[in-house]
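Colleague: I am new to this structure and would like to learn how to read its features. Could you take me through them one at a time?

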Amino acid sequence: MKKRGNILHNVDWLIISLYLVLCLIGVVNIYAADFNPINGDFFDLTNRSGKQFLWLGSSLVIGLVIMCFDSNFFRTISPVIYAIITLLLLAVIFLARDVKGARAWIDIGPFKLQPAEFAKFATALFLSAYLGNIGSSKKKEESSIEDVGRRLSRFIRGKKVFSISDIDLYGQVLPILIILLPMALILGQDDTGSALVFSSFFFVFYREGVIGRIFIVGLMAIVLAIITLMYDKHVAFTALGVSAILVYSSYIKNTKIAIGTISSLCVFLVLMAVFDWNTSLNTYILWGWILINLIVLLSIPDLWKRIERGVVLVGLVLSMGYVGMLENAYTILQPHQKERIEIILGKKHDKSVSFQTDQSLNAIGSGGFSGKGFLEGTHTKGKWVPEQSTDYIFCTIGEEWGLIGTSLVIFLFIALIFRIVQKAEMQRSKMSRVYGYCVASIFFIHFLINIGMTIQIMPVIGIPLPFMSYGGSSLFGFTALLFMFIKFDSQRLDIL
């Protein structure tokens, strides 16, 4: 039974145990990935395993320091931490030297500091404190099944399901800006992988009902981006026009027209699939469809009084600008970044570019069921996989420990994330709950993308596997993230 006011009894030892096991597995496999038979001392600080072990000890000190302070202290200083990390991110853009195409590290004597790893912690802490301190007078039902049915019923009856007044500046817009600021600064460092991790906070927003509809808009933006990159802006503009017509049809109080518009599009798409219509004529057919529907819709009396004219028009203009911006932004990417995107989208098949992921997949596959054994991995010994002790540490596990080892690691991560979510739902403080979901979302995105890129189902964007990849900054950042939640949870019973 947990006791109030006693941290030693109130900490969740299961989370700490999972953390320690993952860290130790990481150190062992870093040793294997970087093994040098001439100097095989595990604890030698000239070896990466020795440095990682030292950083593990230091990270435990960071965790203990966090546990020594009251959670209200961190709630109070969260804006200060966020501001300091933001200034560091800004300084990195101007002061950091280029390392493998990214300007993300600041040299401090013999050490290299990567502020982006701490930005996740600072953003999660400040965001949870901010959301925990504001209340919304709006009813948040976006995620309920009942509300989905209610909105579907309103759509069928021809009633609008969105109003500009639904947007809450303090409860929706500012939280998004809190995320976008460090994300933009990290993108300025050419560290696309770390910036992408900040998209994990949108899962938190969806859980808290902050951006029910904005979340859908974000998904639409992703679809538009994929269409633009896979084809060209003309195809994207066509898709945008189709979407606009569907939106128009959704707002008018004429169910027959709405159903007719959607049905005609579905019939055309089915015919395309059945008869394999993959010609440029399809674009002209869709443009004609857009024009016909636009004339029909505009001929309806008082149509523009029945829809959110400002939202639709501004949204359409912004979407067109977004498509154009994507095409321009794509031209300024580094050649290797373009090649990786094109390989993922299936536009290009270049073995010289996919060499790293090919070798990664070969290493994992060669491990079989039980693996080749500790220090027996041929791909690992031959250094066939670049960055194998950092971003590709999962390859070493797959080759030397096989399916058993990789399954164990995946199970441990799933257990950790599930436990964090479970404990987050038990919090009495909104800040603690939001922070718990921030931690779980960040770990999930890292886990998904890192392992996904090693088995060629995710783009190679270079983000570490939490607690296991070599690196002091990432280990310190992840430890601070986790132990802050452990601290919040330890004082859960102190909140009435």
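**Reading the features**

Modeller: Let's start with Leu375, which counts as buried at 18% relative accessibility. Buried means under 20% relative accessible area, exposed means over 50%, and partly exposed is in between, using a 1.4 Å probe and protein chains only. The model is predicted, so local features need pLDDT of at least 70 and side-chain atom pairs count only at pLDDT 80 or more, while totals for chains, interfaces and linings use all residues. Residues are numbered from 1 along each chain as its sequence is written, and side-chain values use heavy atoms, leaving out hydrogens and water.

Colleague: Where in the chain is Leu375 placed?

Modeller: Leu375 sits in the loop between α17 (355-366) and α18 (378-381). Here, helices (H or I, at least four residues) and strands (E, at least two) are DSSP runs, numbered from the N terminus. The backbone of Leu375 has a positive phi of about 65°, although Leu375 is not a glycine. Phe467, another residue other than glycine, also has a positive phi, near 70°.

Colleague: How many helices and strands does the chain have?

Modeller: There are 21 helices and two strands. Of the chain's 496 residues, 45% count as buried.

Colleague: What share of the contacts is between residues 24 or more positions apart?

Modeller: A contact means heavy atoms within 4.5 Å. Among contacts with a separation of 6 or more, 72% are between residues 24 or more positions apart.

Colleague: Where are the nonpolar residues gathered?

Modeller: In soluble globular proteins, nonpolar side chains tend to be buried together. A nonpolar core is a set of buried Ala, Val, Leu, Ile, Met, Phe, Trp, Tyr and Cys residues joined through side-chain atoms within 4.5 Å. The largest core here has 94 residues, and Tyr435, Phe443 and Phe467 have the most contacts inside it. Helix α20 gives the largest share of this core, 14 residues. Leaving aside residues up to four places away in sequence, Phe443 touches Leu416, Ile417, Ile420, Pro466, Phe467, Phe478, Leu481 and Leu482.

Colleague: How many aromatic pairs does the structure hold?

Modeller: Rings of Phe, Tyr and Trp (its six-membered ring) pair if their centres lie within 6.5 Å; planes under 30 degrees apart count as stacked, over 60 as edge-to-face and the rest as tilted. The structure holds 20 such pairs. Take Tyr19 and Phe467: their ring centres are 5.1 Å apart with planes at 90°, so this pair is edge-to-face. Tyr19 belongs to helix α2 (residues 13-33) and Phe467 to the loop between α20 (430-454) and α21 (472-490), so the pair ties together parts that are 448 residues apart in sequence. Both residues of the pair are buried. For Phe198 and Phe201, the centres lie 5.8 Å apart and the planes are at 45°, so that pair is tilted. Rings can also gather in a group, and Tyr31, Phe35, Phe42, Phe53, Phe374 and Trp401 form one aromatic cluster.

Colleague: What does Thr479 touch, not counting residues up to four places away in sequence?

Modeller: Thr479 touches Tyr19, Ser59, Gly63 and Phe467 on that count. Thr479 lies in helix α21 and is buried, with a relative accessible area of 0%. Between Thr479 and Ser59 there are 420 residues in sequence and 6.2 Å in space, C-alpha to C-alpha.

Colleague: How many disulfides does a search of the whole structure find?

Modeller: A disulfide is a covalent bond between the sulfur atoms of two cysteines. The test is a pair of cysteine sulfur atoms within 2.5 Å, and the search finds zero. Cys68 is exposed at 66% relative accessibility, whereas Cys438 is buried at 0%.

Colleague: How many cavities of 30 Å³ or more does a search find?

Modeller: Rolling a probe the size of a water molecule over the atoms shows where empty space is left. On a 1 Å grid over the protein atoms alone, a cavity is a set of points where a 1.4 Å probe fits but cannot get out, and lining residues have an atom within 4 Å of a point. Grid points are joined across faces, edges and corners, and a volume is the space filled by probe spheres set on the points. The search finds two cavities of 30 Å³ or more. The second largest cavity holds about 30 Å³ of space, and its lining includes Tyr31, Asp34, Phe35 and Arg48.

Conventions. 1 Å grid on protein atoms, 1.4 Å probe; cavity = no way out; pocket = protein on both sides within 12 Å on 5 of 7 lines; lining within 4 Å.
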